[in-house]
Amino acid sequence: MSSSKSTETESKQVSEQKKILGRLYRILKRTYSELNMYRAEELEEKENLNKMINDNVDKSRIKQQKNVIAETIAVMPRVRGSVENAYNKLHEFTDAQSQIPSDDKSIKDASKLLSDVKAGMFKDE
């Protein structure tokens, strides 16, 4: 009987660990996606600015476009900080947990996301 209770307890612990892992995974995925959206927006708005300059658009419209770019750039450090925080939490969790088997899909997915984020975080520097 005690073996059965032990197995049941371990199963509940693994289930709880997977829930935490899933939550941390989704947070990192969402914040990293948000950062990439801002990166894309910055590039797109800069292209629009260059087109406006080449087309000799009114200076007031060019100034407005520069403000749009500045606002996008101003938000990025906060978003980047959120990504770094989420990355660190997921990384620490995957390093510290021992309940979920290393060949479990959730661990593999988390490791892949961590790798992708690490590679992508410094592409614009």
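Modeller: A nonpolar core here is a set of buried Ala, Val, Leu, Ile, Met, Phe, Trp, Tyr and Cys residues joined through side-chain atoms within 4.5 Å. Keep in mind that this is a predicted model. The largest such core has 20 residues. Those touching the most other members are Leu 21, Leu 28, Leu 35, Val 83, Leu 90, Val 117 and Met 121. At least two residues of this core come from each of helix 1 (2-54), helix 2 and helix 3 (105-120). Helix 2 gives the most, with seven residues.

Take Leu 21. Leaving out residues up to four places away in sequence, Leu 21 touches Leu 90, Phe 93, Thr 94, Ile 100, Ser 106, Ile 107 and Ala 110. Another core lies apart from the largest one. This other core has five residues, among them Met 52, Val 57, Ile 62 and Ile 69.

Now helix 3. Its buried residues are Ile 107, Ala 110, Leu 113, Leu 114, Val 117 and Gly 120. They sit on the same side of helix 3, because they cover an arc of only 165° around the axis. The face turned away from that buried side carries the exposed residues Lys 105, Lys 112 and Ala 119.

Back to helix 2 (residues 59-96), which holds Thr 72. Thr 72 counts as buried because its relative accessibility is 4%, and the cut-off is under 20%. The side chain of Thr 72 makes a polar contact with the side chain of Glu 41, at 2.7 Å. Beyond its neighbours within four places in sequence, Thr 72 is in contact with Tyr 38, Glu 41 and Glu 42.

Key
Residues are numbered from 1 along each chain as its sequence is written. This is a predicted model: local features need pLDDT of at least 70, side-chain atom pairs count only at pLDDT 80 or more; totals for chains, interfaces and linings use all residues. Side-chain values use heavy atoms; hydrogens and water are left out. Helices (H or I, at least four residues) and strands (E, at least two) are DSSP runs, numbered from the N terminus. Buried means under 20% relative accessible area, exposed over 50%, partly exposed in between (1.4 Å probe, protein chains only). A polar contact is a pair of N or O atoms within 3.5 Å; within protein, one must be able to donate a hydrogen and the other to accept it, and residues adjacent in sequence count only if both atoms are side-chain atoms. Contact means heavy atoms within 4.5 Å. The arc is that of the directions from the helix axis to the C-beta atoms.
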